[in-house]
Amino acid sequence: MMNAGTFPVESASVEPVATGPGPLWARIRHDLVDLSFAVQEVALLTPLALVLMSWARFWPPVLVALWLLLLMLVPFNLLRLMSALQWDRTRQRRVMITMMVLAVFLSWRTLLYSPTSVFDLSWLGQFAANLAEGGNLV
């Protein structure tokens with residue numbers, strides 16, 4: 001006989017039935033949560049970036065927000081890919097450092113110079129000449 005305040009206890013051998021479209025949707029939901037967190041951070045950081053970085057005022061705010069979003073998501077997803085490939089941590093660190101240096105150089109190229117093509121490296125010579133120029137505070 002069951003009292004009104006008690007509930008039957010399910011046996012431990014009963015396994016939960018999976019509902020929904022499957023593990024793909026679970027992965028997509030997880031990635032959407034990560035994306036929403038990144039977009040929230042970008043929404044908070046974009047006005048701050050526009051105020052603190054004087055060069056950012058010359059860009060449309062949407063491009064600054066996209067630039068910040070890419071700076072957050074590309075390393076995050078690259079690290080996830082390397083972890084999925086089971087690379088050791090020293091190799092992951094080397095790749096991340098290389099990607100960081102590449103991102104800095106691409107940002108400098110985009111912000112300071114106007115090269116004619118994607119593979120135009122003449123800006124590196126201009127950059128080195130600007131660094132060697134006397135009277136620079138760099």
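**Helix contacts and the pocket**

I started where α3 meets α4: F105, W108 and R109 of α3 touch W123, L124 and F127 of α4. I am working on a predicted model, and I keep that in mind throughout.

Next I looked up the geometry of this pair. Helix α4 spans residues 122-132, and its axis comes within 11 Å of the α3 axis. The two cross at roughly 85 degrees. I then sorted the α3 and α4 contact by class: five nonpolar residues, one charged and no polar.

**α2 against α3**

At what angle do α2 and α3 pack? I read about 160 degrees, with the axes 11 Å apart. Angles over 145 degrees count as roughly antiparallel, and therefore α2 is roughly antiparallel to α3. I noted the crossing of α2 and α3 as right-handed.

I listed the residues on each side. From α2 come W67, P75, L78, L79, M82 and S83. From α3 come Q92, V95, M96, M99 and S107. By class, the contact of α2 with α3 holds eight nonpolar and three polar residues, and no charged ones.

**α1 against α2**

Helix α1 covers residues 23-52. I found α1 packed on α2 at about 140 degrees, with their axes 9 Å apart. That angle makes α1 oblique to α2. The crossing of α1 and α2 is right-handed.

The α1 side is R27, D31, D34, L35, A38, V39, E41, V42, L45, T46, A49 and L50. The α2 side is P61, V64, A65, L68, L69, M72, L73, F76 and R80. How many residues of each class does the contact of α1 with α2 have? I counted 15 nonpolar, one polar and five charged.

**The largest pocket**

I turned to open space last. The largest pocket has a volume of about 540 Å³. Its lining has 18 residues. Nearest the centre of the largest pocket I found W67, L71, A103, V104 and S107.

Which helix gives the largest share of the lining of the largest pocket? I found that α3 does, with nine residues. Helices α2 (61-84) and α3 (89-112) each supply at least two lining residues. By class, the lining of the largest pocket has 16 nonpolar residues, two polar and no charged.

I cross-checked two names. W67 and S107 lie among the residues nearest the pocket centre, and both also belong to the contact of α2 with α3.

Technical notes
Residues numbered from 1 in each chain as written. Predicted model: local features only at pLDDT ≥ 70, side-chain atom pairs only at ≥ 80, totals over all residues. Heavy atoms only, no water. 1 Å grid on protein atoms, 1.4 Å probe; cavity = no way out; pocket = protein on both sides within 12 Å on 5 of 7 lines; lining within 4 Å. Points joined across faces, edges and corners; volume = space filled by probe spheres on them. Helix = DSSP H or I, 4+ residues; strand = E, 2+ residues; numbered from the N terminus. Nonpolar A, V, L, I, M, F, W, Y, C, P; charged D, E, K, R; others polar. Axes fitted to C-alpha atoms, helices over the stretch in contact; angles between N-to-C directions. Parallel < 35°, antiparallel > 145°, perpendicular 65-115°, else oblique. Left-handed = near helix turned anticlockwise from the far one by under 90°. Contact = heavy atoms within 4.5 Å.
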